[in-house]
Amino acid sequence: MSELFTPITIRGVEARNRVWVSPMCEYSADDGIPNDWHMVHLGSRAVGGAGVVMTEATSVTPEGRITPWDTGIWSESHTTAWKPIVRFIESQGAVPAIQLAHAGRKASTNAPWRGGKPVAPADGGYEVVGPSALPFNDGYPTPHEMSTAEVRDVIDAFAEGAQRSVEAGFRILEMHAAHGYLVHQFLSPHTNKRTDEYGGSFEGRTRIAVEAARAIREAAPDTPLMVRISTTEYVEGGWDLEQSIALATLLKDAGVDMIDCSSGGNLPQQQLHPYPGYQVAASRAVREGAGIATAAVGLIVEPNHAESVIAGGDADVVLLGRELLRDPYWPLHAATALHADVEWPVQYQRAKP
Ligand SMILES: Cc1cc2nc3c(=O)[nH]c(=O)nc-3n(C[C@H](O)[C@H](O)[C@H](O)COP(=O)(O)O)c2cc1C
């Protein structure tokens, strides 16, 4: 019996297995509107047997996009454009999920294949905002320090994005609070020097995360909610595993169903040395420490490894990123390797081993 291919239900939504697509930016939308690329990219991974297919970081405001080519969910046009993609994912037996995001001071950069550097407003970029007026690195713009009212506007934007996502048909929501994007910038004492109620103590720094989670929960009361966090930022005196467990406990009380355990991304001086399953131990620590379901992610590429993460109780689901770019049919192949009998798309059944 494969545990990886055992269905899981969160807040009443069942996924056929525990191999989920990790959110991955495609940098291929105009004005945040998903298009044929997103349909084929996400659709292929639904055909390939994933339990949940999650979109890339999808911005809740125009200036929250990492690049001008990120997808968005800030208007009715976005809701409408997502609908056929969501419908197709679901028609293939996968659960459609969306990652709701705001990049804060790391917004307005170029696509990786164009160098990834900041794009100035004059060149089609936009002004960046953050908890404090501290740039990410040399050559990055100094963010506009958000007023208290502007912080509340972003929390509202997360809630509105959640509501539009549900309207579009998404059945799982994930708030992006990792990788040095806006919410993570508030969490870390290195990037949050605020003196209002959204800064200072642990309670102050985590307030935006907790209030945004509550606002999303209110806007989408029945929809499973995940939060992706960086369980550590690999810098002395910064955000760490202990604070992550404390935050996960607060998020659980706010109505969050699962913590997606990633790491890093907030500070350029981070010391990160990845190896297979390098974030799995943190997932286990959050799962046990906060008593909440978790997702493990990061260099999980072998079926037996993924199986052992689930069977060993390190996580409730695994998210695969790059391996699913290499092979959209990884879940079907992994099921064969693990002797799990899963359904193949009827059109492909003659190829089933
Ligand atoms: C092309 C690409 C785009 C990514 N975009 C996002 C994103 O939009 N949101 C996010 O939370 N993580 C993003 N990530 C990180 C992945 O979701 C994942 O956490 C990371 O790649 C580690 O998993 P892996 O070793 O299975 O690839 C991205 C990674 C890649 C390779």
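This is a predicted model: local features need pLDDT of at least 70, side-chain atom pairs count only at pLDDT 80 or more; totals for chains, interfaces and linings use all residues.
1. In general terms, side chains of opposite charge can pair when their charged atoms come close. Several of the pairs are taken up below.

2. R171 and E90. A salt bridge joins the side chains of R171 and E90, with an N to O distance of 2.7 Å. This pair connects distant parts of the chain, 81 residues apart: R171 belongs to the loop between α3 (148–168) and β8 (172–177), and E90 to helix α2 (residues 76–91). R171 is partly exposed, at a relative accessible area of 30%. E90 is likewise partly exposed, at 31% relative accessibility.

3. The side chain of R284 forms a salt bridge with that of E288 (3.1 Å, N to O). Both residues lie in helix α7, four residues apart, which is about one turn of the helix. E288 counts as exposed, with 55% relative accessibility, whereas R284 is partly exposed, with a relative accessible area of 30%.

4. D314 counts as buried because its relative accessibility is 16%, and buried means under 20%.

5. A salt-bridge network. R11, R217 and D257 are linked to one another through a network of salt bridges.

6. A negative surface patch. The residues E63, E127, E150, D153, D156 and E160 form a negative surface patch. One of them, E127, is located in the loop between β5 (95–101) and β6 (129–130). E127 is exposed, its relative accessible area being 53%.

7. A290 in helix α7. A290 lies in helix α7 (residues 280–290). With a relative accessibility of 8%, A290 counts as buried. Leaving aside residues up to four places away in sequence, A290 touches I245, A248, T249, K252 and A285. The C-alpha atom of A290 is 9.2 Å from that of S244, and these two residues are 46 residues apart along the chain.

Technical notes:
Residues are numbered from 1 along each chain as its sequence is written. Side-chain values use heavy atoms; hydrogens and water are left out. Patches are made of residues with over 30% relative accessible area and no salt bridge: like charges are joined within 9 Å, nonpolar side chains (Val, Leu, Ile, Met, Phe, Trp, Tyr) within 5 Å. Accessible areas come from the Shrake-Rupley method with a 1.4 Å probe; for residues, only the protein chains shown count as cover. A salt bridge is a side-chain nitrogen of Lys or Arg within 4 Å of a carboxyl oxygen of Asp or Glu. Lys and Arg count as positive and Asp and Glu as negative; His and the chain ends are not counted. The place of a charge is taken as NZ of Lys, CZ of Arg, CG of Asp or CD of Glu. Helices (H or I, at least four residues) and strands (E, at least two) are DSSP runs, numbered from the N terminus. Buried means under 20% relative accessible area, exposed over 50%, partly exposed in between (1.4 Å probe, protein chains only). Contact means heavy atoms within 4.5 Å.
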